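Please keep the sequence and the coordinates at hand.

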Amino acid sequence: MIHGELHQSVRQYINGRWETSATTGVSANPSDTSEVVAEYARAGRRQVGFAIRAAADAFPHWSHSTPQRRADVLDRIGTELLARRDELGLLLAREVGKTLPEAVAEATRAGQTFKFFAGEAMRGGGENMASLRAGVQVDVTREPVGVAGLITPWNSPLAVPATKIAPALAHGNSVVFKPAELVPACGWTLAEIISRAALPAGVFNLVMGSGREAGQALVDSPLVDAVSFTGSARNGERILQAAAARRAKVQLEMGGKNALVVLADADIDHAVDCAVQGAYFSNGQRCTASSRLIVEAAVHDVFVARLHQRLKTLKIGHALERGVDIGPLVDEERLARSLAWVEIAKEEGAEHVWGGEPLKRATAGHYMSPALFLARPEHRIAREEIFGPVACVLRAADYDEALALCNDTPSGLSAGICTNSLKHAMHFRRHAEVGMTMVNLPTAGVDFHVPFGGRKGSGYGPREQGRHAAEFYTTVKTGYMLA
């Protein structure tokens, strides 16, 4: 697909065939907006309907395929992803603006995810137990749900789709995959690799287009048995209402307002590293980014001073340039939003420490210096998800206040603590109201083989990733038999 070409024309993949659409869109390189990465076909409701019907027709055969066949398909996909990780990373960096090392790491993760679920396809699982009645045998088994509609975000256009597609196929479901409109080339490339993995026609389908048209068609269709969505809380709530109304299974991952707590006994330089990686790498465009840095009063000033100095040393530039720490934001709209948040913070009285300015580089792109503020809990910058390179520091008198501030949010995805106290680390892991905790680690950065997800407003439904993915992509059947 990539093979040295700069401009791709990408199409839908429906029932084993590549198809064009009546309308098209383009994706541009955020590091150099004069460069078009891809021109893509936009699917409307009718074309999405064809893909859903194809998936529904293919489901009975695939759902009864052998574990070995499913494992072989997934292993083949993972092998190609890993073999092409450098090439795929280059494409991802061009389309999203992640630095090249980050992009290659994401391509690697996608390959590893497919490999992991190749193993899960073989492991299966079930229970056999004695009944309360003599001579009766009880079996508890898992069966695939049906057609899975998978709607994925632009910020991780290979890793997040892999997290959804791989378990869906491993457990015998058929798939209709809709990537975000900003990343059609990444979505198409993943689909192109999957298309060569010896899947029966209709088991896997790609539809590209807007959430308003293509996404809504997936959510509304009575033939779609399960909808998995990663994106904004606003869109997630709409999807939940629409899909749940027709009793489809729903899985939502909707971001968070994640906190990193720094206690007085922490290694301050290490805590600064955790803060920079968690809050600013990938331009803060991660659902697990730590945009709230809650620091114990005794080390507040020294932490802020060292973080300030560290931010001054970061290199912001073209995603493909060697030595760049942070690339551009993904598009003009996201840059404008982040810059607007800087102004909101200033207007509300948060103390501006550093950054928050648009930057010019050799190529026209969506560049911005990472912004740091000192804030109070009531400031909007300390309460609402920004999804950009903007973070604030909140002062806490002690550990108890820091934990209270950490939990004072309607979100609950990830939270971290930097401390050398085993007592506080263990207490934090138990009492932080989130789905994932990090001790002396950045809040962003998770493994692919363990559960991922949040509490409160950050998520809904079973967890993603690892063996727990079976909770969403299968349904449980209990069988009784008189021996």
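**Rings, then a strand**

R123 places its charged end over the ring of F116, at 5.8 Å from the ring centre. The model is a predicted one, and side-chain atom pairs count only at pLDDT 80 or more.

Contacts between rings come next. Over the whole structure, a search returns eight aromatic pairs. One of them joins Y13 and W18: the ring centres are 4.5 Å apart and the planes stand at 45 degrees, so this pair is classed as tilted. Y13 has 10% relative accessibility and therefore counts as buried, while W18, at 24%, counts as partly exposed. The cut-off behind these two labels is 20%, because buried means under 20% relative accessible area. Another pair is F472 with Y473, where the centres lie 4.9 Å apart and the planes are at 85 degrees, so the pair is edge-to-face. Both F472 and Y473 are buried. Y13 and W18 also belong to one aromatic cluster together with F177, W188 and F204.

The remaining stop is strand 18, residues 371–374. In a regular strand, side chains alternate between the two faces of the sheet. In strand 18, A371 and F373 point one way, L372 and L374 point the other way, and all are buried.

Terms used. Residues are numbered from 1 along each chain as its sequence is written. This is a predicted model: local features need pLDDT of at least 70, side-chain atom pairs count only at pLDDT 80 or more; totals for chains, interfaces and linings use all residues. Side-chain values use heavy atoms; hydrogens and water are left out. Buried means under 20% relative accessible area, exposed over 50%, partly exposed in between (1.4 Å probe, protein chains only). Helices (H or I, at least four residues) and strands (E, at least two) are DSSP runs, numbered from the N terminus. Rings of Phe, Tyr and Trp (its six-membered ring) pair if their centres lie within 6.5 Å; planes under 30 degrees apart count as stacked, over 60 as edge-to-face and the rest as tilted. A charge sits over a ring if NZ of Lys or CZ of Arg is within 6 Å of the ring centre and within 35 degrees of the ring normal.
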